[in-house]
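Me: I have a structure open and want to learn how to read it. Can we go feature by feature?

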Amino acid sequence: MAALITDEFRLFNADNFIKSVTNPDNAYYIFVGLPNPVGQEYGRSLDWNTDPLSPIDNFSYIRGCYDWMLYGRRITPGNIRRVIRRVEWTKGTRYEQYRDDYSVYNVSPNTGSTRLYDANYYVINSDFRVYECLSNGSSGDNPKGNGSEDEPTFVDSEPSAAGSSGDGYIWKYLFTVSPADVVKFDSTEYITVPSDWLTSNSPQIVAIRESGDSPVNDAQLKEIYIDKRGAGYSGGVGQELSIIGDGTGARAVIDVNSGQISKAIVSKGGKGYTWGLVDLGTINTSASEAAKLDVIIPPSLGHGYDIYVELGTDRVLVYARFDDSNEDFPIDTQFAQIGILRNPTISESNTIFTDNTFTAADSLKLEPGSVSGPIEVGDIIEQQTDVGIARAYAVSFNEETLVLKYIQDRSLYYNPVTYDNTDYVGISTNGNKFPFVSNTNAITAPGFQASIDTTFTGSTTVVGNRTVELGVEFTDGVARSEINKPSGEILFLDNRPLVPRNPRQKEDVKIILEF
């Protein structure tokens with residue numbers, strides 16, 4: 001039995017995702033993690049930076065991602081947008097015209113696309129204005145149409161030609177990408193689509209939306225495609241005929257030359273059409289060959305009314321910037337994994353975490369004067385506790401605040417030769433995960449030693465003559481992850497070559513989700 005997941009279902013899922021992200025009852029975060037991906041330990045590889053391992057979609061791997069997690073930034077309504085493929089206007093290029101019937105049985109003539117949304121039927125011009133191609137000068141005699149010679153630049157709500165070249169193109173202006181969206185979301189591959197199109201009060205959007213509201217303006221239909229010109233039709237130029245079908249009110253002006261239909265334009269758009277036929281009955285008194293005129297049905301109520309449907313916005317872009325404005329994001333760390341986390345909970349609570357940022361690494365506040373030797377990201381640190389040796393990977397050390405951040409994952413406890421759960425001598429001692437605790441025992445790593453400042457409690461410290469926010473709350477020199485690990489749902493993962501951070505660097509993370 002044949003089945004189909006429709007484009008409408010993909011658009012529905014994209015819309016629901018945006019609604020979920022912007023719902024104040026939810027909290028979605030872009031997070032980064034895996035600071036030491038190069039190696040043979042669990043989830044890592046020796047050639048990671050040239051060939052990162054693909055993420056694995058199973059419970060075991062996802063739980064490991066929580067252990068690697070470093071920090072996250074919340075996705076706000078201002079940092080999520082629908083996007084479409086970037087198709088730039090270039091002089092001489094043939095673009096597809098909008099049609100509602102591209103399929104495996106009727107592929108688009110120029111790109112060979114089997115669905116509208118894969119065809120190049122819209123463009124963005126040099127001023128970030130987006131236009132839809134309603135006609136490219138094509139017909140049954142010239143199915144590929146013409147090259148576009150005139151760059152569209154107008155912002156009128158009605159479709160029109162872009163210039164005087166006679167290239168046959170009719171463009172419909174849809175929207176202009178705002179300067180703010182250009183700065184934040186601009187991409188070489190995608191165009192950002194305005195948010196809240198159906199409810200926006202922007203005068204520009206309202207004008208385009210209302211021009212496509214055919215129940216109000218009675219102007220739904222815009223184009224008629226001459227597939228076959230026919231022969232033996234009567235009359236001359238300027239004959240106005242009805243467009244019949246399941247809608248009402250549409251009219252067409254037909255020109256006949258030497259018995260063939262040479263021109264067909266919509267003179268009145270009407271409303272309510274899902275299919276239409278030009279009623280040629282009054283001029284088909286002695287036709288020797290039947291003409292075929294395709295009435296092009298716009299999406300929704302009319303062109304421009306709902307650009308999410310019109311342009312196929314089944315992709316969503318989410319954005320976050322990581323910089324040095326917050327101690328949650330240490331500048332001396334690195335990461336090789338990016339993801340999206342939904343609704344993590346506050347540490348030791350069932351309440352959803354909703355702050356703008358979180359620290360997922362644990363932290364130690366070291367005692368002034370106790371630090372000896374350097375420490376690098378990925379170094380293994382240890383501490384003797386009453387129940388055993390605590391072990392972790394260092395991920396950041398701030399020499400000014402004396403805050404050491406670390407993560408603990410299973411690779412610290414797995415077999416040290418096979419890097420998996422194979423039995424090994426010493427497993428009874430080394431196979432248990434123990435937390436670091438507030439005591440006077442040294443924190444050690446090869447060439448490094450320090451002590452915890454067991455008298456420090458709070459979230460700020462003084463460096464010179466300034467007070468520094470540490471981003472986490474310490475108790476007796478120890479701070480835990482601000483979120484429960486694991487909690488929430490990891491919805492997206494991307495492994496990539498290692499990204500080091502530094503004081504002059506800001507990471508703009510853009511994730512494209514396709515539904």
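Reply: Start with exposure. Buried means under 20% relative accessible area, exposed means over 50%, and partly exposed lies in between, with a 1.4 Å probe and protein chains only. This is a predicted model: local features need pLDDT of at least 70, side-chain atom pairs count only at pLDDT 80 or more, and totals for chains, interfaces and linings use all residues. Residues are numbered from 1 along each chain as its sequence is written, and side-chain values use heavy atoms, with hydrogens and water left out.

Me: Is D7 buried, partly exposed or exposed?

Reply: D7 is partly exposed, at 22% relative accessible area. R115 is buried, at 18%.

Me: What links R115 and D7?

Reply: Here is the general idea. Side chains of opposite charge can pair when their charged atoms come close. A salt bridge is a side-chain nitrogen of Lys or Arg within 4 Å of a carboxyl oxygen of Asp or Glu. R115 and D7 form one, at 2.4 Å from N to O. R115 sits in the loop between β3 (80–85) and β4 (122–124) and D7 in helix α1, so the pair ties together parts 108 residues apart in sequence. Helices (H or I, at least four residues) and strands (E, at least two) are DSSP runs, numbered from the N terminus.

Me: How many salt bridges are there?

Reply: The count is 25 salt bridges. Some are joined up: D7, R10, R115, D118, D314, R315 and E514 are linked in a network.

Me: Which residue pairs with R229?

Reply: D141 does, with the closest N and O atoms 2.6 Å apart. R229 is in the loop between β8 (223–228) and β9 (239–245), and D141 is in the loop between β5 (129–136) and β6 (169–176), so this pair ties together parts 88 residues apart in sequence. R229 is partly exposed, at 23%. D141 is exposed, at 59%.

Me: Now the inside. What is a nonpolar core?

Reply: In soluble globular proteins, nonpolar side chains tend to be buried together. A nonpolar core is a set of buried Ala, Val, Leu, Ile, Met, Phe, Trp, Tyr and Cys residues joined through side-chain atoms within 4.5 Å. The largest one here has 48 residues, and I30, M69, V318, F358 and I490 touch the most other members. Another core lies apart from it, with 36 residues, among them I84, Y122, I191 and Y225.

Me: What does M69 contact?

Reply: Contact means heavy atoms within 4.5 Å. Leaving aside neighbours within four places in sequence, the contacts of M69 include F31, L341, F358, I407 and I490.

Me: Why is helix α2 largely enclosed?

Reply: Of the 10 residues of α2 (residues 59–68), 7 are buried, so the rest of the structure largely encloses this helix. The buried ones are Y61, I62, G64, C65, Y66, D67 and W68. Their cover includes β1 (28–33), β2 (69–74), β15 (334–342), β20 (403–407) and β26 (489–500).

Me: C65 is a cysteine on that list. How many disulfides are there?

Reply: A disulfide is a covalent bond between the sulfur atoms of two cysteines. The rule used is a pair of cysteine sulfur atoms within 2.5 Å. By that rule the count is 0. C65 is buried, with a relative accessible area of 0%. C133 is also buried, at 0%.
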